[in-house]
Amino acid sequence: MRENLKLCYEVTKELFEKSNINDDYSDEQYNEIVLLLNKREEILSTLSPPFTESEKLLGNEIVELNNHIEQRMNTTKNQIAEKIKNLNKKEKSLENYSPYN
C-alpha cells in the first residue's frame, strides 16, 4: 500500500477528530483545521490510479470520514452565522435604544 495514501488516511482521521468543535472553538482550532486541510490537499494531489483492492478500501474509509467532517463543518459554519446574526441584532437594538426619549 502506498505510504502517501496511509498518510492521507491519518490526516483525514485527525481532521475528523478536530472537526468536532463545540461552542468554545478558538482561532487556534480553526488554524489547525486549515493546516490539516491544506496538508491533505497536497497529499491528495499526489495520488493517482491504479489502486489495489486494499487501497480502494482505505479510500472508501477516507470518503466516509470526509462526509462526517463536512457535516460537522457545515454545522459549525451555521452556528457561527447564527451567532453573527444575533450579535448584529443586539448591536442594532443598542443603537436604536436611547434612555432619553
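What is the accessible surface of the chain, and what share of it belongs to carbon and sulfur atoms? The accessible surface comes to about 7,800 Å², and 52% of it belongs to carbon and sulfur atoms. Areas here come from the Shrake-Rupley method with a 1.4 Å probe.

This is a predicted model, in which local features need pLDDT of at least 70 and side-chain atom pairs count only at pLDDT 80 or more, while totals for chains, interfaces and linings use all residues. Residues are numbered from 1 along each chain as its sequence is written, and side-chain values use heavy atoms, with hydrogens and water left out.

Start with the fold. The chain has three helices and zero strands, where helices (H or I, at least four residues) and strands (E, at least two) are DSSP runs numbered from the N terminus. The radius of gyration is 20 Å, well over the 13 Å that the globule rule gives for 101 residues, so the chain is more spread out than a compact globule. That radius is taken over C-alpha atoms, and the rule is 2.2 Å times the number of residues to the power 0.38. The C-alpha trace spans about 75 × 20 × 20 Å along its principal axes.

Now the interior. Buried residues (under 20% relative accessible area, 1.4 Å probe, protein chains only) make up 20% of the 101 residues. In the largest nonpolar core, of 14 residues, Leu5, Tyr9, Leu15 and Ile62 touch the most other members. Such a core is a set of buried Ala, Val, Leu, Ile, Met, Phe, Trp, Tyr and Cys residues joined through side-chain atoms within 4.5 Å. Helix 1 (3-18), helix 2 (27-46) and helix 3 (53-96) each give two or more residues to this core. Helix 1 gives the largest share, five residues.

Look at Tyr9. Leaving aside neighbours within four places in sequence, Tyr9 is in contact (heavy atoms within 4.5 Å) with Leu58, Glu61, Ile62 and Leu65.

How values were computed: Buried means under 20% relative accessible area, exposed over 50%, partly exposed in between (1.4 Å probe, protein chains only).
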